[in-house]
Amino acid sequence: MTMSATALVAAVFVLGAGTFAFRYAGPMLRDRVTLSPRVEQLLGVSAIVLLAALVATSAVLDGREFAGVAKPAGVAVGALLAWRRAPFVLVVLAAAATAALLRLVGVP
Amino acid sequence: MRSIYRTLRADRALTRDIALVCVADAVVGLSFGAIAVSEGLPVWAPMLLSVVVFAGAAQFMFVGLVASGGNPVAAVLAGLLVNVRHVVFGFTVGDVVGRGWRRVVGSHVMVDETVAFALAQPDATRRRAAYWACGVALFTCWNIGVVVGASAGSAVSDPAALGLDAAFPAVLLALVLPALRDRTTALACVVGVAIALATAPFLQAGLPVLLALAGVVVALARPAHPSSEEVAA
């Protein structure tokens, strides 16, 4: 790392301020404008689409590269259990355990 | 705030689910602290990032770029791009965040997990309780994890060995799945996920997820309410 401590602190605070602005914008602007039920519905769908895209990309990829087999396999087991309406705790633990066990036996 | 406590006492399952996510995220925080220090950052850097930014993916991205000698401006921009999605989240869960100082605190603890937990609740009271409980607990656990990880350094084991990298998508998936019973939402998600996966190998992190929003066009093209199916039936 070649960056000075001052530059690093400044960078952290700029990233923090920008991130906070993104987070604060919605709750603040919602107060000033009245959203129609239709817009509310579309916002709800948008948030779910964003989360679904995060699930897919983080399950299959590591940055821009394919993440290997263990992680997607773990998430797939979790997905199957969630689809069968298994309890949340079971879904999460089964996903993690599957990935961990596959790695233990040498699957990347 | 009192009603949040009451709701959580009544809904043991919700409290347990949030606790599980907190434990998992604390371990990821542990490794974040350890990785940041092992890559040459000062011990305070991951701790400061976790308090000031509090966004896992952006923090990992920032540390990776800074540690490899990257330009600080590029590292900040890359982190911001990963976090743009919070604008949409804010509009969606803005009603549970509150006003005044609560809005400041509530906005700061807005992360994927808190939003997903809130959206998975059936009514407004539980939405608010889930959002705040998850937000405050995650902020606490994540930061404790990072402090311990940064102090202990490389002694911390790899979270991938515990399968925790698979736990994050599984958490969000389990929370999002009930919403997919609505056909319009499901269709929008299928299109969005396809776009995100197809573009992810070529684009800067953060962009593919934003492009997935094009899937919402599907929802726009369909009638205003999910009741359209009931009308058809």
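Which residues does B:Tyr131 touch, not counting residues up to four places away in sequence? They are B:Val93, B:Val96, B:Val97, B:Gly106, B:Val109, B:Met110, B:Thr114 and B:Ala118. The model is predicted. B:Tyr131 is also one of the residues that touch the most other members of the largest nonpolar core, which has 87 residues.

**Largest nonpolar core**

- Besides B:Tyr131, the residues with the most contacts to other core members are A:Leu51, A:Phe88, B:Leu49, B:Phe62 and B:Phe117.
- Helix 2 of chain A, residues 37-60, contributes 11 residues to this core, the most of any element.

**Helix 6 of chain B (residues 86-97)**

- The end C-alpha atoms of helix 6 of chain B are only 13 Å apart, whereas a straight helix of 12 residues would span 16 Å at 1.5 Å a residue.
- Because 10 of its 12 residues are buried, helix 6 of chain B is largely enclosed by the rest of the structure.
- The buried residues are B:His86, B:Val88, B:Phe89, B:Gly90, B:Phe91, B:Thr92, B:Val93, B:Gly94, B:Val96 and B:Val97.
- These buried residues pack against elements of both chains: helix 1 (5-32) and helix 2 of chain A, and helix 5 (72-83), helix 7 (100-108), helix 8 (112-119) and helix 9 (124-152) of chain B.

**Helix 7 of chain B**

- The buried residues in helix 7 of chain B are B:Arg103, B:Gly106, B:Ser107 and B:His108.
- Their cover includes helix 1 of chain A, along with helix 3 (44-52), helix 6 and helix 9 of chain B.

**Helix 10 of chain B (residues 164-176)**

- With 13 residues, helix 10 of chain B reaches 19 Å from its first C-alpha to its last, close to the 18 Å expected at 1.5 Å a residue.
- Helix 10 of chain B is mostly covered, with 11 of its 13 residues buried.
- Among the buried residues are B:Leu164, B:Pro169, B:Leu172, B:Leu173, B:Leu175 and B:Val176.
- The buried residues of helix 10 of chain B pack against helix 2, helix 3 and helix 4 of chain A, and against helix 2 (12-38) and helix 8 of chain B.

**Annotated transmembrane regions of chain B**

- An unreviewed UniProt entry annotates residues 18-37, 129-148, 160-180 and 187-220 of chain B as "transmembrane region".
- Residues 160-180 of chain B are 62% helix and 0% strand, and the end C-alpha atoms of this stretch lie 29 Å apart.
- Residues 187-220 of chain B are 68% helix and 0% strand, and here the end C-alpha atoms lie 11 Å apart.

- Seven residues from domain 1 of chain B and six residues from domain 2 of chain B make up the contact.
- Chain A is assigned domain 1 (1-33) and domain 2 (36-108).
- The centres of domain 1 and domain 2 of chain A are separated by 28 Å, taken over C-alpha atoms.

- Most residues other than glycine have a negative phi.
- A:Arg85 has a positive phi, near 60°, and sits in the loop between helix 3 (70-83) and helix 4 (88-104) of chain A.
- The relative accessibility of A:Arg85 is 61%, so this residue counts as exposed.
- B:Phe54 has a positive phi, near 50°, and lies in the loop between helix 3 and helix 4 (56-67) of chain B.
- The relative accessibility of B:Phe54 is 4%, so this residue counts as buried.

**B:Leu207**

- B:Leu207 belongs to helix 12 of chain B, residues 207-211.
- B:Leu207 has a relative accessible area of 31% and is therefore partly exposed.
- Between B:Leu207 and B:Met61 there are 14 Å in space, C-alpha to C-alpha, and the two are 146 residues apart in sequence.

How values were computed: Residues numbered from 1 in each chain as written. Chains lettered and ligands numbered in written order. Predicted model: local features only at pLDDT ≥ 70, side-chain atom pairs only at ≥ 80, totals over all residues. Heavy atoms only, no water. Core = buried A, V, L, I, M, F, W, Y, C linked by side-chain atoms within 4.5 Å. Buried < 20%, exposed > 50% of the residue type's maximum accessible area, 1.4 Å probe, protein only. Helix = DSSP H or I, 4+ residues; strand = E, 2+ residues; numbered from the N terminus. Contact = heavy atoms within 4.5 Å. Expected span 1.5 Å × (residues − 1). UniProt positions renumbered as here; feature names shortened; annotations may be inferred. Domains from an automatic or database assignment.
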